[in-house]
Amino acid sequence: MLPSEYQDDSSPPNVLLIDDSVDVHRVLRARLRTEPLELVCVSTGAEGLERAPDLMPALILLDLSMPKMDGFEVLRRLKDAPATVNTPVIVLSGLTSTHDKVTAFDLGAMDFVTKPFEVNELKVRVRSALRLSSLVSMLSQRAQIDGLTGLWNRAHFDSRWQEFVSSATRHSRPLSLAVIDLDRFKSINDSFGHPAGDEVIQGLARLVGGTARSSDICCRFGGEEFCVILPDTGPDDAQVLCERIRTRLEEVRWPRHPERQVTCSIGIAGVTGSAAMTPQAWLEAADRNLYQAKEGGRNRIVVSDLSGPVQLADAS
């Protein structure tokens with residue numbers, strides 16, 4: 001089972017144009033309208049840096065000569081940011097000196113097009129960059145898929161969780177994180193063998209992936225532990241979804257051990273608005289709630305709003 005983000009997406013890739021020239025916006029909107037892409041135009045480097053993490057463009061077209069913040073500084077910041085470090089950048093510039101070109105390439109640009117540019121040539125360079133971006137993205141995603149369950153792995157969680165926390169904090173949007181752990185999993189391996197344990201891990205993965213929404217990020221965190229990132233979701237709504245996972249798991253009858261019920265404990269930490277917490281502190285809060293669920297008897301959920309009191313949701 002592949003993660004939902006890894007499925008074929010018919011929507012065209014986003015291309016972000018950062019250029020202070022309205023004429024360049026107009027020309028490229030007209031000449032690229034037949035290309036399979038969605039062009040988003042901004043006029044300042046600051047606006048481009050703000051839009052890029054949420055837009056996640058497949059390609060950035062960047063002017064060098066802009067007021068207040070020039071393209072060199074924008075490029076430097078794009079390549080310093082985890083969300084855009086691997087995003088290809090084609091520089092569009094009236095600067096023609098070798099020094100300017102070398103500087104742009106040293107900062108991470110993949111191509112340099114001199115203004116005034118020939119539009120058909122630019123189209124070819126954009127197509128080439130988008131093909132490369134698609135290939136790199138596909139290879140990167142394959143490396144971030146857990147082999148046993150088909151869910152995203154820990155490396156993918158680490159990269160995406162930081163992005164979601166930054167975005168939620170910046171825009172004061174709800175966000176929750178659920179940490180799910182199988183109860184007494186070692187005894188399943190010890191009593192019925194590792195194939196039975198793998199079957200349980202795969203079964204929980206199917207439950208998590210099948211219950212979560214397409215916008216949620218489901219990851220195998222390690223061993224028998226899973227994490228679910230729930231964007232635009234407060235802790236109460238996250239609890240409702242996780243309760244479905246918990247109750248469905250305890251109802252499963254396993255072919256290798258039909259007499260042995262399998263349960264899970266879940267810790268949830270989330271916000272309904274802004275929260276000034278680091279991604280690591282947020283993860284630790286969810287993990288503490290998971291620990292409390294285990295200590296409280298297992299097969300239950302402990303959920304907390306990071307600005308409110310902890311609540312215990314007992315199994316019914």
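Q: Why is the contact between Arg-125 and Asp-111 called a salt bridge?
A: In this predicted model, the side chains of Arg-125 and Asp-111 meet with N and O 2.7 Å apart, and because a salt bridge requires a side-chain nitrogen of Lys or Arg within 4 Å of a carboxyl oxygen of Asp or Glu, the pair qualifies.

Q: What makes Asp-111 count as buried or exposed?
A: The relative accessible area of Asp-111 is 17%, and because buried means under 20%, Asp-111 is called buried. Arg-125, by contrast, has 26%, which falls between the 20% and 50% limits, so Arg-125 is described as partly exposed.

Q: Why is the pair of Arg-170 and Asp-54 called a salt bridge?
A: The closest N and O atoms of Arg-170 and Asp-54 are 3.3 Å apart, which is within the 4 Å cut-off, so the name applies. Arg-170 belongs to helix 6 and Asp-54 to helix 2, and the pair therefore ties together parts that are 116 residues apart in sequence.

Q: How do you know that about one helical turn separates Glu-73 and Arg-77?
A: Both residues lie in helix 3 (residues 71–80) and are 4 residues apart, so the separation is about one helical turn.

Terms used
Residues are numbered from 1 along each chain as its sequence is written. This is a predicted model: local features need pLDDT of at least 70, side-chain atom pairs count only at pLDDT 80 or more; totals for chains, interfaces and linings use all residues. Side-chain values use heavy atoms; hydrogens and water are left out. Helices (H or I, at least four residues) and strands (E, at least two) are DSSP runs, numbered from the N terminus. Buried means under 20% relative accessible area, exposed over 50%, partly exposed in between (1.4 Å probe, protein chains only).
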